[in-house]
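Subject: A structure for you to look at

Hi there,

Here is the structure I promised to pass on. Please open it next to this email, and then read on for what was found in it.

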Amino acid sequence: MRLVFAILFILFATLTFAQDVMESDLTDQEKLVELNKLLQMNPRNPDLHNNIGVIYAGQQNWPLARDAFLVAVQCDPRNADTHKNFAQVLVYLEQYDLAAAEFEAYRKFSTNGALDAARLIGDTWIEAGDPALARASYRNGLELFGEAFLPETAHLVLLLVNLMEKNGQMSERQILLEKYVDSASKLDDSASKNIVILTLRLIYENADLLSESGLHANAAELYKRALEIAPDNDELLPKLSISLLESGEVIEAKVVARLAVNEHPEKAGGWRAEGLI
C-alpha cells in the first residue's frame, strides 16, 4: 500500500512541477533541462514527452517535436490531444498519410467529440494535393453533424464552397449555400456570417441577370428571399421596391419604399426608390 501511495505521489508531483515549468518564465532550453530531469524519474510519463514536443513545435523543430509526440502517444495511446499534436507536426513534415491517421485517432479517443477532426483531416489532404479526399472528409464531417449547425459546420461548408468554386461547380455551390444559409443566419461567428454574405452576393448577381432579362417579378422574389435571410440588411428593401415597380406592382413598391425610409432614414436607397415611384 505504501508503495502504491509513493508511486501516486511521484506521479502527482511530476505533473504539478511539469505544469509549473511550462507556465514559468524560463527559456525554452531551461524548460527542456527541467523536463528531462523529471523524465529521469518517470521516463514513461506521456505528459512530459508531450510538453517537450510542444516546446520543440514552438521552435518549429519538427523532427524533434515528432519524436517527442511519438513517445507520448506510445506511452498513452488513448490521449486524444497528443494524437492531435502529433498529427499537426506530421503535416509540417509532409507525412500526410500518417497525419490523417493520427487525426482519426484524435477523433476516436476524444471525449468532447473532436468537432474539428473532419476539417483537420480534409486540410491535410489539401496540403497533400488531393482535393478529392479533402472533399470527402469535409462532407463526412457535415454528415456527422447531421441537423445540428455549429460554427464548425459553417467552416466545413465554406471549405466545400471554395473547392466547388475552384472546380467550376457553381450550381452545386449555390445549392450548398442555400441549404445552410438559414441556419448560418442565426449564428454570429465569422464563418456563418461569410455564408450569409456569399449567399446574398449570389442573390444580387442572379437578380441583376433577371432584371436585365426583363424578369423583374422573378428578381423581386429573390430579394424577398434575401430579406428572409438578412432582414436587417439596409440594401434589400430599396432593391425590392425598384424590382416591384419595374414589374408593375406599384402599390407594393410604394409600401416597401416607405418601409425602407422608415427603417433606414439615414440611407439614400429608400429615398431614391420613393423618388422613382
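A definition to start with: axes are lines fitted to C-alpha atoms, for helices over the stretch in contact, and angles run from 0 to 180 degrees between N-to-C directions. Helices (H or I, at least four residues) and strands (E, at least two) are DSSP runs, numbered from the N terminus.

Two notes on the source. This is a predicted model, in which local features need pLDDT of at least 70, side-chain atom pairs count only at pLDDT 80 or more, and totals for chains, interfaces and linings use all residues. Residues are numbered from 1 along each chain as its sequence is written, and side-chain values use heavy atoms, with hydrogens and water left out.

How confident is the predictor? The pLDDT (its confidence in each residue, from 0 to 100) has a mean of 90 over the protein chain, and 91% of the residues reach 70 or more. Confidence is lowest in helix H1 (residues 2-23), with a mean of 50, and highest in H7, at 98. Over residues 1-13 the pLDDT is below 50, and beyond near neighbours in sequence this stretch has two contacts (heavy atoms within 4.5 Å) in the model.

Now to a helix pair. The axes of helix H6 (residues 96-109) and helix H7 (residues 117-127) come within 9 Å and cross at roughly 180°. That makes H6 roughly antiparallel to H7; angles under 35 degrees count as roughly parallel, over 145 as roughly antiparallel, 65 to 115 as roughly perpendicular and the rest as oblique. Among the residues making this contact are Tyr 96, Ala 99 and Phe 103 of H6, and Leu 120, Thr 124 and Glu 127 of H7.

Which residues does Val 91 touch? Val 91 lies in helix H5 (residues 80-92), and it touches Tyr 96, Ala 99, Phe 103, Thr 124 and Glu 127, not counting residues up to four places away in sequence. Val 91 counts as buried because its relative accessibility is 18% (buried means under 20% relative accessible area, exposed over 50%, partly exposed in between, with a 1.4 Å probe and protein chains only).

The loop between H5 and H6 holds Leu 93 and Glu 94. Leu 93 is partly exposed, at 24% relative accessibility, and touches Trp 62, Pro 63 and Arg 66, not counting residues up to four places away in sequence. Glu 94 is exposed, at 57%, and its phi is near 60°, a positive value in a residue other than glycine. Most residues other than glycine have a negative phi. Gln 60, in the loop between helix H3 (46-58) and helix H4 (62-75), also has a positive phi, of about 60°, and is exposed at 58%.

Leu 240 is one of the buried residues of helix H13 (residues 236-246). The buried residues of H13 pack against helix H11 (190-212), helix H12 (216-229), helix H14 (250-263) and helix H15 (268-276).

Enjoy exploring!

Best wishes

Conventions: pLDDT is the predictor's confidence in each residue, from 0 to 100.
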